[in-house]
Amino acid sequence: MFLQKTSYIMMRILLLLMLWPKLMMAKEKKLAMESMIQPAVFSLTLVMVHDVVSPPVAARYYAYCMTGAYDIVSKHDASIVPPASIIKNYTPAIIKLTGYDYRMAAVFCIYETGRLMLPSGIGLKEDEDKFVAALKRGKFSQKVIDASMVVGRNVAAQVFSWSKSDDYNKLSAKLHYTPLKSEGNWYPTPPSYLQAVEPNWKTVRPMMIDSCSQFKPLAPVSFGKDSSSDFFALAKEVHEISLNPAKGEQEIASFWDCNPFAVSTEGHMMIAFKKITPGGHWMNIAAIAAKKASLSFNQSMAVQTLVSLTLMDAFISSWDEKYRSNRIRPETFINRYMDHKWQPLLQTPPFPEYPSAHSVISTASASLLEYLLGENFSFTDDSEEFFGLGPRPFNSFMSAANEAAISRLYGGIHFRDAIENGQVQGRQIGQFVIQKMRSAGVMPLIRQVALR
């Protein structure tokens, strides 16, 4: 028997309870449009949670859903650098209609791109209708709303068409993966022994980086099962930390788990736990930061879009190395050579160990956010409240990224070198993106806003 812990209907009800009441309050001929971006993005997240979208695929969806909206904004604000200036091979959207509100059109575009791209995208229609109802209560004219919807849909269709050229559609013929049989290579892990996730993800076209292997990390520690080997020492560290966790380590591991599909077994019963992906977590951090910094609609759209593009490229880069080094997971090694009864705190995800993708994408995202909003930007991360975990305060984006990285050691799913070298790789990606931003004219926003 297979049960889903959180039903799709309950997720949508909770979304409405959490995000919509304050946003739906009508204001005389005025609506805080900047507050409408996060609910649209979170709607994407909930559909992806429902569909059990893998981390790299989720990052791709966020990037495309945000790009069209960002394109619309850039056509109406000279300070927003056009996407073609930072995205390789991007085809700018063509807008012929007039009489629309570009902010409405941009939010519509997020919903509509998600509707076209996500497997269960039709589920976004309900939230889009809520958005329209809010606009009507905000005293916007029906004519402007209708025109904005047309523009949003047209741009979404153009972005969707462009997305088909990134080779993602060719992956369905390459999903089967036969694990290598060498002792140090990855092998499916309990309890479900799922097949490897996206073994050919490196073939997907990046958004900003030059190639999947541009930021190839340092080689991992060589495999060794002898108790005197460096690799055995890495495994011993994972084992000992799990048996004697310091105060707060388990809480940190759980907060950054971000496993979209964990399975718990009880006799013949299997219960699935669906959660937000690492990319979804950082998209929400970007939204939290935009709100705290009191960013305008245009600036908020820029921040969340740039983070989404960085996430997509960081996943492509980390996934390239995963299937090159193809390294064994701690759970497999420890069970074979150290402790056959041992289990990690977190469920081991179904793909090779090296590097820690969470370390890569978190460090890359934090690097970009520090460039845009400052190195000492404090915030409270409540991204996991929806999934039953309390908020955590951070004094900077990098402190959050560092915690996300080390959480994989506390959770028992990564070796230390995968974490530390993953951070180096993420920092390299982040610096490349920042340099691309500078060259294109994307300046730090911290100079333009006053923090509360």
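# Helix packing and local geometry in a predicted model

Helix α9 passes helix α12 in a right-handed crossing. This is one of the helix contacts in a predicted model, described below together with aromatic pairs and backbone geometry. The mean pLDDT of the protein chain is 91, and 89% of its residues reach 70 or more.

**Helix α9 against helix α12**

- Helix α9 spans residues 278-292 and helix α12 spans residues 357-373; their axes lie 10 Å apart, at an angle of about 15 degrees.
- α9 and α12 are therefore roughly parallel to each other, as the angle of about 15 degrees falls under the 35 degrees set for that class.
- On the α9 side, the contact is made by Pro278, Gly279, Trp282, Ile285, Ala286 and Ala289. On the α12 side, they meet His358, Ile361, Ser362, Ser365, Ala366, Leu369 and Leu373.
- By class, nine residues of this contact between α9 and α12 are nonpolar and four are polar, with no charged residues.

**Helix α12 against helix α13**

- Helix α13 covers residues 397-410, and its axis comes within 8 Å of that of α12, crossing at roughly 175 degrees.
- α12 and α13 are therefore roughly antiparallel to each other.
- From α12, the contact includes His358, Ser359, Ser362, Thr363, Ala366, Ser367, Leu369, Glu370 and Leu373. Their partners in α13 are Phe397, Met398, Ala401, Ala404, Ala405 and Arg408.
- The contact of α12 with α13 consists of eight nonpolar, five polar and two charged residues.
- His358 of α12 meets residues of α9 and also takes part in the contact with α13.

**Helix α3 against helix α4**

- Helix α3 (residues 55-74) packs on helix α4 (residues 102-117) at an angle of about 155 degrees, and the two axes are 8 Å apart.
- That angle makes α3 roughly antiparallel to α4.
- The crossing of α3 and α4 is right-handed.
- In α3, the contacting residues are Arg60, Tyr61, Tyr64, Cys65, Met66, Gly68, Ala69, Ile72 and Val73. In α4, they meet Tyr102, Ala105, Ala106, Cys109, Ile110, Thr113, Gly114 and Met117.
- This contact of α3 with α4 has 13 nonpolar residues, three polar residues and one charged residue.

**Aromatic pairs**

- With ring centres within 6.5 Å as the cut-off, the count comes to 26 aromatic pairs.
- In one of these pairs, the ring centres of Tyr177 and Tyr323 are 5.5 Å apart and the planes stand at 80 degrees, so the pair is edge-to-face.
- Tyr177 belongs to the loop between α6 (142-163) and α7 (230-243), whereas Tyr323 belongs to helix α10 (residues 297-325); the pair therefore ties together parts that are 146 residues apart in sequence.

**Backbone geometry**

- Most residues other than glycine have a negative phi, and most peptide bonds are trans.
- The peptide bond from Pro190 to Pro191 is cis, with omega near 5 degrees, and Pro191 is placed in the loop between α6 and α7.
- A cis peptide bond also runs from Tyr354 to Pro355, with omega near -5 degrees; Pro355 is found in the loop between α11 (330-337) and α12.
- Val52, although not a glycine, has a positive phi of about 55 degrees. This residue sits in the loop between α2 (37-51) and α3.

**Confidence**

- As stated above, the mean pLDDT of the protein chain is 91.
- Over residues 1-9 the pLDDT is below 50, and this stretch has 20 contacts in the model beyond near neighbours in sequence.
- The pLDDT is also below 50 over residues 20-29, a stretch with 27 contacts beyond near neighbours in sequence.

Technical notes. Residues numbered from 1 in each chain as written. Predicted model: local features only at pLDDT ≥ 70, side-chain atom pairs only at ≥ 80, totals over all residues. Heavy atoms only, no water. Axes fitted to C-alpha atoms, helices over the stretch in contact; angles between N-to-C directions. Helix = DSSP H or I, 4+ residues; strand = E, 2+ residues; numbered from the N terminus. Parallel < 35°, antiparallel > 145°, perpendicular 65-115°, else oblique. Left-handed = near helix turned anticlockwise from the far one by under 90°. Contact = heavy atoms within 4.5 Å. Nonpolar A, V, L, I, M, F, W, Y, C, P; charged D, E, K, R; others polar. pLDDT = per-residue confidence, 0-100. Phe/Tyr/Trp six-rings, centres within 6.5 Å; stacked < 30°, edge-to-face > 60°.
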